[in-house]
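Hi,

Here is the structure I promised to pass on. Have a look at it first, and then read my notes below.

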Amino acid sequence: MGYSIPHSDDELLSQCKVQVFRGSGPGGQSVNTTDSAVRLIHDPSGIVVVARRERSQYQNKRVALKRLRRKLEEASQPRRQRVETHPTKASVKRRLESKRKQSLKKQQRSRPIDD
């Protein structure tokens with residue numbers, strides 16, 4: 001990709017939109033009343049991560065930054081080229097069709113059968 005991954009969390013956070021919201025699930029009243037869940041949207045890449053497990057917004061932000069860093073590293077790795085294991089259905093179909101045409105061409109070269 002065309003972006004570099006900053007080394008410090010503050011630099012990485014400056015490249016993101018931070019959204020906080022109320023988490024869901026277990027945790028009772030503390031989860032229902034505080035905006036502790038964090039969503040980070042990385043502007044250069046468009047990658048989105050969400051952390052809502054912890055009760056603390058600060059801890060969730062740290063978890064989200066770790067997840068974002070991991071996703072950015074995965075996205076920056078070049079994709080390995082596929083090693084072809086067997087021909088595709090379309091290529092098999094094309095090959096068999098050309099063999100049929102060649103067979104007909106050769107059959108037409110033979111002498112006609114007299115009755």
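A quick word on terms before anything else: the strands here are DSSP runs of E with at least two residues, and they are numbered from the N terminus. Please also keep in mind that this is a predicted model.

With that in hand, let's start at one histidine. H42 sits in strand β2. Is H42 buried or exposed? Its relative accessibility is 1%, and buried means under 20%, so H42 counts as buried. The H42 side chain also has a polar partner: it makes a polar contact with the side chain of S45, at 2.7 Å.

Now the wider picture. The chain has four helices and three strands, and along the sequence they follow the pattern α-β-α-β-β-α-α. The three strands make an open sheet in the order β1-β2-β3, with antiparallel pairing. β1 (16–21) and β3 are at the edges with a single partner strand each, so one side of each has no neighbour in the sheet. From one strand to the next, the twist averages 15 degrees. If you want to check the pairing yourself, β1 and β2 are joined over six bridges in the antiparallel sense. As an example, V20 has V38 in β2 as its bridge partner.

V38 turns up again in the largest nonpolar core. That core has twelve residues: L12, L13, C16, V38, L40, I47, V49, A51, A64, L65, L68 and L72. Which elements give two or more residues to this core? They are α1 (9–14), β2 (37–42), β3 (48–51) and α3 (57–76). The largest share, four residues, comes from α3.

If you skip its neighbours within four places in sequence, L13 is in contact with V18, L40, K61 and L65.

Lastly, some totals for the whole chain. Buried residues make up 19% of its 115 residues. The chain exposes about 9600 Å², and carbon and sulfur atoms supply 48% of that. As for contacts with a separation of 6 or more, 43% are between residues 24 or more positions apart.

Cheers

Key: Residues are numbered from 1 along each chain as its sequence is written. This is a predicted model: local features need pLDDT of at least 70, side-chain atom pairs count only at pLDDT 80 or more; totals for chains, interfaces and linings use all residues. Side-chain values use heavy atoms; hydrogens and water are left out. A nonpolar core is a set of buried Ala, Val, Leu, Ile, Met, Phe, Trp, Tyr and Cys residues joined through side-chain atoms within 4.5 Å. Buried means under 20% relative accessible area, exposed over 50%, partly exposed in between (1.4 Å probe, protein chains only). Contact means heavy atoms within 4.5 Å. Two strands pair if DSSP finds at least two bridges between them. Axes are lines fitted to C-alpha atoms, for helices over the stretch in contact, and angles run from 0 to 180 degrees between N-to-C directions. Accessible areas come from the Shrake-Rupley method with a 1.4 Å probe; for residues, only the protein chains shown count as cover. A polar contact is a pair of N or O atoms within 3.5 Å; within protein, one must be able to donate a hydrogen and the other to accept it, and residues adjacent in sequence count only if both atoms are side-chain atoms.
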